[in-house]
Amino acid sequence: QSDGWRPLVTGETVSIYSNTTNKVPFAMTCVKCQFKCPVPPAEVVRHLQDLRARRERDFFFKEGKAVGEKQKAKLNFQAVMKTLSVADERTVLVSQHWEQDFMGNWTIVEVPEGTFDLSGFMFPSFFVQADSSGSQSSVVAIYRFDIRKVWKDKAGESEDSLSESLSERFSEYAQHMC
């Protein structure tokens, strides 16, 4: 591809892409997880903003605490974030931004604040869309990271082996998201 993105795994629930060109700020692995939730989008968004409930369904989110007041479309929180490595946890200040479009679809983007290394950030961006009845949601979570920094236990493995392991791991995670 001219933009540098190469598909490594293309699946129904989990797809994995890689870009090691200078067109991205670091050797980037992108994992796209798609799943259905039996609730309307507004309920999915409420769940993602509830820092206590999120711990139960987001593997990478160990704990979090709001910092300051929740604003109209922004929440800052301090979190302990796990990575794919067995014992690796990182403290990070996160800025969560959300927007709802005129169709009732939501976009939630989380970014680290300060000097946190973006290549080791494990929280995704979420895209939440209602089904035709409005009673269920289709959710896409996009994760972007440097695989060799967040899964140090497997840093020496080939790209094919890493991709297979990553696909299996994220398929397990996606089952618990809704």
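Q49 touches K70, L75, Q96 and W98, leaving aside residues up to four places away in sequence; a contact here means heavy atoms within 4.5 Å. The place of Q49 is in helix α1, residues 41–49. Helices (DSSP runs of H or I, at least four residues) and strands (runs of E, at least two) are numbered from the N terminus. With a relative accessibility of 13%, Q49 counts as buried. The term buried stands for under 20% relative accessible area, exposed for over 50%, and partly exposed for what lies in between, with a 1.4 Å probe and protein chains only.

The model is a predicted one, in which local features need pLDDT of at least 70 and side-chain atom pairs count only at pLDDT 80 or more, while totals for chains, interfaces and linings use all residues. Residues are numbered from 1 along each chain as its sequence is written, and side-chain values use heavy atoms, with hydrogens and water left out.

**Two further residues**

H47 also has its place in helix α1. Its relative accessible area of 18% makes H47 buried. Not counting residues up to four places away in sequence, H47 touches A53, R54 and R57. H47 and R57 are 10 residues apart in sequence, and their C-alpha atoms are 9.6 Å apart in space.

A155 is found in the loop between α3 (147–150) and α4. A relative accessibility of 29% places A155 among the partly exposed residues.

**The chain as a whole**

The protein chain has four helices and nine strands. From the N terminus on, its elements run β-β-β-α-α-β-β-β-β-β-β-α-α. The radius of gyration of the protein chain is 16 Å, close to the 16 Å that the globule rule gives for 178 residues, so the chain is as compact as a globular protein of that length. This radius is taken over C-alpha atoms, and the globule rule is 2.2 Å times the number of residues to the power 0.38. Along the principal axes, the C-alpha atoms fill a box of roughly 40 × 35 × 30 Å.

Of the 178 residues, 44% count as buried. Among contacts between residues at least 6 apart in sequence, 46% join residues at least 24 apart. The accessible surface comes to about 9,600 Å², of which 48% belongs to carbon and sulfur atoms; such areas come from the Shrake-Rupley method with a 1.4 Å probe.

**The sheet**

An open sheet of nine strands has the order β1-β2-β3-β9-β8-β7-β6-β5-β4, with antiparallel pairing. Strands β1 (6–10) and β4 (61–66) stand at the edges with a single partner strand each, so one side of each is left without a neighbour in the sheet. From one strand to the next, the twist averages 20 degrees; axes are lines fitted to C-alpha atoms, and angles run from 0 to 180 degrees between N-to-C directions. Two strands pair if DSSP finds at least two bridges between them. The table lists several antiparallel pairs.

| Strand pair | Bridges | Residues standing opposite |
|---|---|---|
| β1 and β2 (residues 14–19) | four bridges | V9 and I16 |
| β4 and β5 (residues 74–82) | five bridges | G64 and A79 |
| β5 and β6 (residues 89–100) | nine bridges | K74 and H97 |
| β7 (residues 106–112) and β8 (residues 125–130) | three bridges | W106 and V128 |
| β8 and β9 (residues 137–145) | six bridges | Q129 and S138 |

Strands β5 and β6 form a hairpin with six residues between them. Strands β8 and β9 also form a hairpin, with six residues between them, and G134 in the turn has a positive phi of about 80 degrees.

**The nonpolar core**

The largest nonpolar core has 41 residues, and those with the most contacts inside it are V31, L84, F123, F145, L166 and F170. Helix α4 (residues 159–175) contributes the largest share of this core, five residues. A nonpolar core is a set of buried Ala, Val, Leu, Ile, Met, Phe, Trp, Tyr and Cys residues joined through side-chain atoms within 4.5 Å. Not counting residues up to four places away in sequence, F170 touches V14, V31, C33, F60, L84, Y143 and F145.
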